[in-house]
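Please look first at the sequence and then at the three-dimensional model shown below. The paragraphs after it lead through the structure step by step.

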Protein chains: 2
Amino acid sequence: MALMHYPVVNRNGDIITSAVTNLDLHDMSRAAKTYGVKAFYIVTPLMDQQRLVKKITSHWIEGAGAEYNPLRRKALELVSIKSSLNEVVGEIYNTCELFPKIVVTSSKNFGHKLTIDNFRTMLKNSGTYLLLFGTGWGFTEEFISAADYLLEPVKGCTDYNHLSVRSAAAIILDRLLGI
Amino acid sequence: MALMHYPVVNRNGDIITSAVTNLDLHDMSRAAKTYGVKAFYIVTPLMDQQRLVKKITSHWIEGAGAEYNPLRRKALELVSIKSSLNEVVGEIYNTCELFPKIVVTSSKNFGHKLTIDNFRTMLKNSGTYLLLFGTGWGFTEEFISAADYLLEPVKGCTDYNHLSVRSAAAIILDRLLGI
């Protein structure tokens with residue numbers, strides 16, 4: 001899976017590069033590890049943000065944090081930093097010798113959607129999938145249209161539709177991969 | 001539901017009062033709002049921590065944040081600050097005229113547990129329940145024993161068992177109250 005910091009929109013709908021949030025790395029890598037996700041890509045084109053991610057993960061993988069909390073190390077070892085979606089796809093191709101199907105998530109209601117149940121079945125069968133989560137106020141419509149699939153949004157039991165990406169990712173992984 | 005900062009243990013098993021984490025308030029109140037939870041109590045006996053919580057929630061409920069992001073306001077309006085579990089139970093009694101059944105969560109495997117399925121059924125029937133989440137390394141065994149129910153831990157599909165409380169709460173609410 002990947003957490004994308006570009007191209008996403010801000011609250012006004014402008015395309016931006018969002019800042020990396022420390023707890024996204026921790027919460028989402030731990031959820032990924034819990035549900036057997038193979039890799040967790042942090043995607044940002046900004047070099048200083050890439051350095052920040054490297055600094056955080058190094059602390060927990062090789063630095064003082066590794067001894068202090070080995071459970072965090074195991075999760076953050078899944079993290080890989082990339083500049084773009086193309087770089088992620090390239091690495092997956094080099095590793096798996098096939099291109100992943102790209103499944104994008106969004107809290108908004110665009111047209112044709114892949115249901116959780118159908119994606120769950122697809123994951124049980126063969127295939128390589130890359131699940132994308134957006135930061136900020138989510139992906140642009142153009143970006144979503146270019147993906148292979150758009151996953152249906154997480155709905156609760158109210159009309160409030162504003163989960164954090166950390167919560168949404170945890171719920172989606174549980175629905176897709178939970179026993 | 002309530003997020004407890006005391007009595008919880010640290011990594012060495014010592015009983016501590018944990019510090020409040022800003023993103024716990026945001027992520028968990030948004031998840032609570034999404035799944036129709038009636039109130040979200042932040043419990044800490046430390047006055048300076050209570051003031052911190054008040055400062056954060058006021059910013060988003062009455063301050064500059066309310067206008068900037070009304071969706072956060074709606075979620076954080078669920079937050080209520082209390083010094084102890086007794087205070088929480090007292091407020092629920094004053095509001096509902098009955099004492100809530102206390103359901104405690106833990107990632108550890110203690111004895112008798114309430115299954116998610118059974119609790120889901122209980123919530124569909126009548127009754128008032130208070131669901132407790134622990135911070136730090138979780139609740140003491142004594143605290144868990146004193147509750148009415150211990151909810152079964154969230155399991156993924158691996159043996160990695162170290163979700164953040166934010167992720168675990170999101171998954172538990174989805175399993176209990178999702179459509």
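Predicted model: local features only at pLDDT ≥ 70, side-chain atom pairs only at ≥ 80, totals over all residues.

Residues are numbered from 1 along each chain as its sequence is written, and chains are lettered from A and ligands numbered from 1 in the order in which they are written.

How do the two copies relate to each other? A rotation of 180° with 0.0 Å of shift along its axis places chain B on chain A, with an RMSD of 0.0 Å; such copies are superposed by least squares on the C-alpha atoms of residues with pLDDT of at least 70 in both. The two copies are therefore related as by a two-fold rotation axis. Both copies use the same surface, since 100% of the contact residues of chain B recur in chain A. Here two residues are in contact if their C-beta atoms, placed from the backbone, lie within 7 Å.

In the interface, 27 residues of chain B are in contact with 27 residues of chain A. On the side of chain B that touches chain A, at least two residues each come from α1 (22-34), α4 (70-76) and α8 (165-177) of chain B. These labels denote DSSP runs, numbered from the N terminus: helices are H or I runs of at least four residues, and strands are E runs of at least two. The largest share of this side, 7 residues, is supplied by α1(B). By class, the side of chain B that touches chain A has 11 nonpolar, 9 polar and 7 charged residues. In this division Ala, Val, Leu, Ile, Met, Phe, Trp, Tyr, Cys and Pro count as nonpolar, Asp, Glu, Lys and Arg as charged, and the others, Gly among them, as polar.

Helix packing can be followed within chain A. Two packed helices are described by the angle between their axes and the distance between the axes. The axes are lines fitted to C-alpha atoms, for helices over the stretch in contact, and angles run from 0 to 180 degrees between N-to-C directions. Helix α1 (residues 22-34) of chain A packs against helix α8 (residues 165-177) of chain A at an angle of about 5°, with the axes 10 Å apart. The helix α1(A) is therefore roughly parallel to α8(A); angles under 35 degrees count as roughly parallel, over 145 as roughly antiparallel, 65 to 115 as roughly perpendicular and the rest as oblique. From α1(A), the contact involves L23(A), D24(A), D27(A), M28(A) and A31(A), and from α8(A), V165(A), R166(A), A169(A), A170(A) and L173(A). These residues comprise 7 nonpolar, no polar and 3 charged.

Helix α6 (residues 116-124) of chain A and α8(A) meet at an angle of about 60°, with their axes 8 Å apart, so α6(A) is oblique to α8(A). In this contact, I116(A), F119(A), R120(A) and L123(A) of α6(A) meet R175(A), L176(A) and L177(A) of α8(A). The contact has 5 nonpolar, no polar and 2 charged residues.

The largest nonpolar core has 88 residues, and those with the most contacts inside it are A2(A), A169(A), A2(B) and A169(B). A nonpolar core is a set of buried Ala, Val, Leu, Ile, Met, Phe, Trp, Tyr and Cys residues joined through C-beta atoms within 7 Å. A residue is buried if 20 or more other C-beta atoms lie within 10 Å of its own, exposed if 12 or fewer, and partly exposed in between, with C-beta atoms placed from the backbone. Leaving aside neighbours within four places in sequence, A2(A) is in contact with Y41(A), V43(A), V88(A), L130(A) and L132(A).

Some loop residues deserve a separate look. The peptide bond from Y6(A) to P7(A) is cis, with omega near -5°, and P7(A) lies in the loop between β1 (2-4) and β2 (8-9) of chain A. Is E97(A) buried or exposed? With 8 other C-beta atoms within 10 Å, E97(A) is exposed. Its place is the loop between α5 (85-96) and β6 (101-104) of chain A, and its phi is near 60°, a positive value in a residue other than glycine.
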